[in-house]
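Please review the structure shown below together with the briefing that follows it.

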Amino acid sequence: MGAYVLRRLGYGVGVVLGVLFLLFLLFFTITAPEDIARKALGDKAPPEAIQTWLENHEYDRPLWPWQDWDENLLFDHYRKMLTFDFGVSDADDSPIIDRIKAGMGPSLSLTVPLLVLGLFVSIPLSLLVAFFRETYIDRMGVFLCVLAMSVSTLLYIIGAQFLIGKVLRWYPISGFDASLAMLPRFLALPVLVGLISGVGGDVRFYRTVFLEESSRDFVRTARAKGAGEARIMIFHVLRNAMIPILTRVVLAIPFLFMGALLLEAFFGIPGLGSMTVDAIQSNDFSTMRTMVYIGSLLFVFGQVATDISYGLVDPRVSVE
Amino acid sequence: MSGGHRAVNAGCAKTTLRRAQGGVLSAIRGPSDFASCLLGIGLAIIFSLSACSNDPYPPEDGEAKVLYSSFDAAPRTLDPATAYTTKAHSVTGVVYDTLLKYHFLKRPLELMPGLAVDLPLVTPLEGGRTRYRFTLREDLLFADDDCFELNGEGRRTREIVSADIAFQLMRLADPLIGSPVAETFANIDGFVEFAAALEAYREEDPAFADLAAHEQYAAAGGVRGIEMPSRYVLDITLHRAYPQIKYWFAMEFTTPVPWEAIAYYTGQDGRPRFDDHPVGAGPFVLSEYDKQSRYVLSKNPNWYGVRHPEWKAPAAIFPTEGDEEDRRSGRMAYAGRSLPLIDRVVVVREKESIPRFNKFLQGYYDASGVIKESFDSVIQGDGLSAEMEGLGMRLGKAVSPDVFYIGFNMNDEVVGRSNGESSRKIRQAMSLAVDSEEFLRIFQNGRGVPAQSPLPPGIYGYESGYENTFRRPNIERAKELMTEAGYQNGIDPTTGEALTLTFDTSSTSTAGLNQVRFYTNAWRQLGIDVQIDGTTYNQFQEKLRQGDYQIFQFGWVADYPDPENFLFLLWSKMGKSDFGGPNATNFSDARFDELFVSMKARDNGPQRIAEIEEMLSILERERPWIELFHREDYSLYQGWVKNVKPMGLSIPTYQYRDIDPTSRSDKRKAWNEPVQWPAYLLLLAGVMVIVPGVLTYFKERQ
């Protein structure tokens with residue numbers, strides 16, 4: 001088990017280093033350090049101010065090691081990330097770690113309800129369509145799921161803001177307030193949109209899983225032994241369907257911290273997803289690489305955690 | 001045997017399915033239970049709907065005199081030495097105060113005393129130097145702040161003295177701060193030497209670099225041209241004539257800054273950085289600042305207008321002089337009232353324009369721009385649509401103090417000066433082909449004023465009746481000019497093919513390229529083939545530095561309302577190739593230069609007007625620019641917002657605004673009553689889908 005985890009983590013190191021290199025290569029292929037400075041200082045900034053900014057932010061060095069082995073941006077990029085020295089934002093010089101701490105709360109306040117409610121909605125719905133399989137409820141359910149999956153999240157956002165926020169006036173169109181009295185009001189619409197945009201794929205996935213499990217021999221055996229249907233469903237089918245459910249949930253948990261890019265950006269939620277979008281828009285390389293780095297680390301740890309959790313929910317599975 | 005077993009299993013499977021279905025609904029024993037369930041869900045939906053509200057503000061905000069606004073992204077910095085954007089100025093412009101201010105109602109803009117007792121006393125000195133003497137009001141206080149505890153426990157503020165302005169001016173020179181306006185203040189005697197001395201001291205002595213900023217400045221000897229003859233008097237000596245310096249004393253770059261704030265707000269020990277925590281002496285304080293979410297400006301009880309209303313200081317009361325439009329709009333009813341008129345400004349982050357505009361329509365923002373997507377439904381003709389007028393909204397239009405233009409590189413062999421009369425005629429012909437009015441109609445919803453010269457409306461020297469001969473589209477005349485230039489039908493006689501030129505642009509988005517294509521299509525009518533060379537901004541800047549370009553497009557937004565701030569863009573001493581200045585056309589004309597130098601140092605008057613007119617006539621003939629347009633901002637205001645009169649130049653006017661909170665509250669209620677029937681309809685639809693299925697199930701089970 002230990003050796004397996006170490007081996008998986010070893011692969012993960014390679015993935016993370018590769019991601020960091022790709023990010024550096026892609027970013028500096030289309031952007032020069034002067035662009036970052038100009039974006040930060042504004043178009044009216046004179047060349048001297050640009051140069052001072054580049055020096056103060058250590059962007060006045062060559063990009064690649066073959067240009068200057070001792071001082072180059074690539075090695076500096078790796079050194080800073082691998083030592084978790086995130087530094088300050090290129091856009092406004094604020095410490096990135098502070099921004100991450102501040103953004104995590106709003107992100108979690110959106111993504112955790114979204115995940116939990118998503119499970120509460122999609123698992124019962126998929127059970128429903130699975131049990132009514134081959135009926136019009138099943139067919140309509142699958143049709144609606146495919147329809148829901150086919151529509152862009154952006155369209156849901158704009159549509160919900162227009163219909164529910166503007167026309168029906170049920171919830172604020174956008175905004176955020178962390179106070180307990182106001183938070184549910186602001187989260188209602190983004191959570192609803194997140195649920196609708198995600199429920200189609202989830203229900204189709206869980207339905208397949210439940211259908212597969214309900215036709216297994218152990219279900220038949222349980223029935224033959226006189227077990228009640230509720231017991232069969234909860235203690236046999238659902239429990240045996242836990243592996244795929246768990247895979248999905250455990251993989252999703254690390255990314256809860258990263259926020260939801262589109263939902264946060266469009267609903268004005270000051271979370272980490274919104275911060276990442278801002279960083280992309282403002283050529284803020286320092287913030288962008290931090291978020292990509294954290295994202296890749298979470299992905300690697302999420303993968304390993306998923307593998308370990310298999311063993312916990314299903315004793316037949318062991319990792320070697 | 002085995003066949004019999006299969007048969008039993010098959011029978012089992014049938015029963016299994018039924019039982020499985022029974023499992024899901026095992027808790028519901030019959031149709032009546034099911035109906036009860038539906039009723040419960042329905043009631044839950046109805047209750048949750050009755051608690052619904054789209055009001056994004058807490059109830060306690062309802063009746064307060066609060067102005068609600070929005071921002072799309074937080075400013076990079078609020079340090080008045082480096083903040084140079086409209087976003088930043090909307091905060092720094094009211095959190096910091098300046099020696100001079102602009103009159104709120106007079107147009108063209110006019111300076112008046114702010115923190116200073118009067119306008120500066122100007123004294124010419126020997127050697128072409130000039131001294132500006134500012135006298136500060138006494139008993140001015142900074143806003144309450146923790147940083148003043150550096151002067152003793154429990155201290156929350158202190159008096160503002162001339163040394164606080166001197167300190168800020170020295171910060172502008174500090175190379176570590178990198179102020180974007182350091183070059184302008186290099187007109188102050190000893191400013192450049194002070195910057196060099198600071199740098200040298202820091203390099204030589206690490207202990208010096210560890211001192212607090214104000215100690216470093218004192219140890220470096222200060223700036224020769226900044227003197228403080230007394231606690232309240234500040235003398236600024238310029239080593240060359242630059243009368244426009246007075247405008248800079250109406251900008252936050254020259255605001256008093258307490259040394260304590262710089263020493264205290266370092267970003268260490270859990271304190272914010274000075275960039276994010278302004279400590280000023282303006283009418284408002286930044287009482288809440290979350291860059292990602294919202295900020296709040298609250299009335300500053302230490303502001304001299306609040307503490308000393310009896311002074312009736314010009315910048316602390318609503319103006320008593322205004323024009324006919326001010327009287328008609330009711331602004332003059334406020335004449336003489338102490339400022340600020342509102343208690344707070346709440347500014348909420350809205351990254352996307354559509355939600356922002358929709359919230360404005362719901363009454364949750366007090367002002368808004370007009371978004372492209374809703375332009376036709378909001379604006380009809382020159383005014384508001386009937387629907388918007390019915391809601392009590394008002395439209396504010398203001399021509400921005402800017403100019404957008406196409407420039408020719410005057411060092412180029414084809415379109416530049418070396419080709420003499422021929423290239424001048426090409427430039428004149430190309431100028432005649434571009435229709436600014438059509439451009440504005442297609443790309444700006446008609447918002448903008450076609451430019452006839454570099455000077456926009458509201459700037460001294462602008463003549464509304466002036467018509468540039470080469471800025472009224474005339475393709476026939478343009479073709480004649482091309483023939484006179486030796487390029488009949490646009491054919492280059494040396495190659496026998498169409499004259500080919502290059503238009504460099506860093507605006508490579510689809511919209512940006514479409515705009516450039518508008519120009520190139522216009523020139524195609526003359527037979528000129530203009531190729532578009534799209535590059536990144538940096539590559540474009542590099543081309544400018546190397547002089548490797550022919551035609552480009554630029555814009556300029558004024559820092560202050562003086563013609564010098566536009567015409568310097570064509571002064572040869574600002575040439576891009578020779579001096580790295582903003583004169584990207586490298587235009588150089590001896591007479592223009594002579595007039596510019598004279599006009600720059602002269603006070604407004606007939607002589608100055610005559611010089612400006614001659615300069616404009618030179619530009620009209622030489623055509624280094626094709627002047628395109630001056631932008632026109634359309635702003636929508638709710639009916640409950642009073643005293644809206646944009647000043648341009650990124651000057652916020654929150655202290656003059658007033659709100660009728662009762663009217664706002666009533667209208668918000670009327671406009672935002674939730675529509676509940678669709679929820680009941682949804683519920684009904686759900687019932688209609690689910691009930692038949694469940695009834696079928698119960699029927700089968702029985």
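Axes are lines fitted to C-alpha atoms, for helices over the stretch in contact, and angles run from 0 to 180 degrees between N-to-C directions. This is a predicted model, in which local features need pLDDT of at least 70 and side-chain atom pairs count only at pLDDT 80 or more, while totals for chains, interfaces and linings use all residues. Residues are numbered from 1 along each chain as its sequence is written, and chains are lettered from A and ligands numbered from 1 in the order in which they are written. Helices (H or I, at least four residues) and strands (E, at least two) are DSSP runs, numbered from the N terminus.

**Helix pair α7 and α8 of chain A**

- Helix α7 (residues 153-167) of chain A packs against helix α8 (residues 183-214) of chain A at an angle of about 135°, and their axes are 10 Å apart.
- That angle makes α7(A) oblique to α8(A); angles under 35 degrees count as roughly parallel, over 145 as roughly antiparallel, 65 to 115 as roughly perpendicular and the rest as oblique.
- The crossing of α7(A) past α8(A) is right-handed; a crossing is left-handed if the near helix is turned anticlockwise from the far one by less than a right angle, and right-handed if clockwise.
- On the α7(A) side the contact is made by A:Thr153, A:Tyr156, A:Ile157, A:Ala160, A:Ile164 and A:Gly165, and on the α8(A) side by A:Leu189, A:Leu192, A:Val193, A:Ile196 and A:Ser197. Two residues are in contact if their C-beta atoms, placed from the backbone, lie within 7 Å.
- The residues of this contact of α7(A) with α8(A) comprise 8 nonpolar, 3 polar and no charged. Ala, Val, Leu, Ile, Met, Phe, Trp, Tyr, Cys and Pro count as nonpolar, Asp, Glu, Lys and Arg as charged, and the others, Gly among them, as polar.

**Helix pair α2 and α3 of chain A**

- Helix α2 (residues 33-41) of chain A and helix α3 (residues 47-56) of chain A cross at roughly 110°, and their axes come within 9 Å.
- That angle makes α2(A) roughly perpendicular to α3(A), and the crossing of α2(A) and α3(A) is right-handed.
- From α2(A) the contact takes A:Pro33, A:Glu34, A:Ala37, A:Arg38, A:Ala40 and A:Leu41, and from α3(A) it takes A:Ala49, A:Ile50, A:Trp53 and A:Leu54.
- The contact of α2(A) with α3(A) has 8 nonpolar, no polar and 2 charged residues.

**Helix α13 of chain A and its surroundings**

- Helix α13 (residues 272-281) of chain A and helix α14 (residues 285-313) of chain A pack with axes 8 Å apart at an angle of about 135°.
- That angle makes α13(A) oblique to α14(A), and α13(A) passes α14(A) in a left-handed crossing.
- In this pair, A:Leu272, A:Met275, A:Thr276, A:Ala279 and A:Ile280 of α13(A) meet A:Thr287, A:Met288 and A:Met291 of α14(A).
- The contact of α13(A) with α14(A) divides into 6 nonpolar, 2 polar and no charged residues.
- Because 7 of the 10 residues of α13(A) are buried, the helix is largely enclosed by the rest of the structure. A residue is buried if 20 or more other C-beta atoms lie within 10 Å of its own, exposed if 12 or fewer, and partly exposed in between; C-beta atoms are placed from the backbone.
- The buried residues of α13(A) include A:Gly273, A:Ser274 and A:Asp278, and the buried residues pack against α5 (96-131), α12 (261-267) and α14 of chain A.

**Backbone features in loops**

- A:Asn283 lies in the loop between α13 and α14 of chain A, and its phi is near 55°, a positive value in a residue other than glycine.
- A:Asn283 counts as buried, with 21 C-beta neighbours inside 10 Å.
- B:Asn489 has a phi near 55°, also positive in a residue other than glycine, and is found in the loop between α18 (475-484) and β17 (491-492) of chain B.
- B:Asn489 counts as exposed, with 12 C-beta neighbours inside 10 Å.
- A cis peptide bond with omega of about -5° joins B:Arg107 and B:Pro108.

**Chain A overall and confidence**

- Chain A has 14 helices and 0 strands, and 34% of its 320 residues count as buried.
- The contact between the chains takes 57 residues from chain A and 48 residues from chain B.
- Chain A averages a pLDDT of 87, and 97% of the residues score at least 70; pLDDT is the predictor's confidence in each residue, from 0 to 100.
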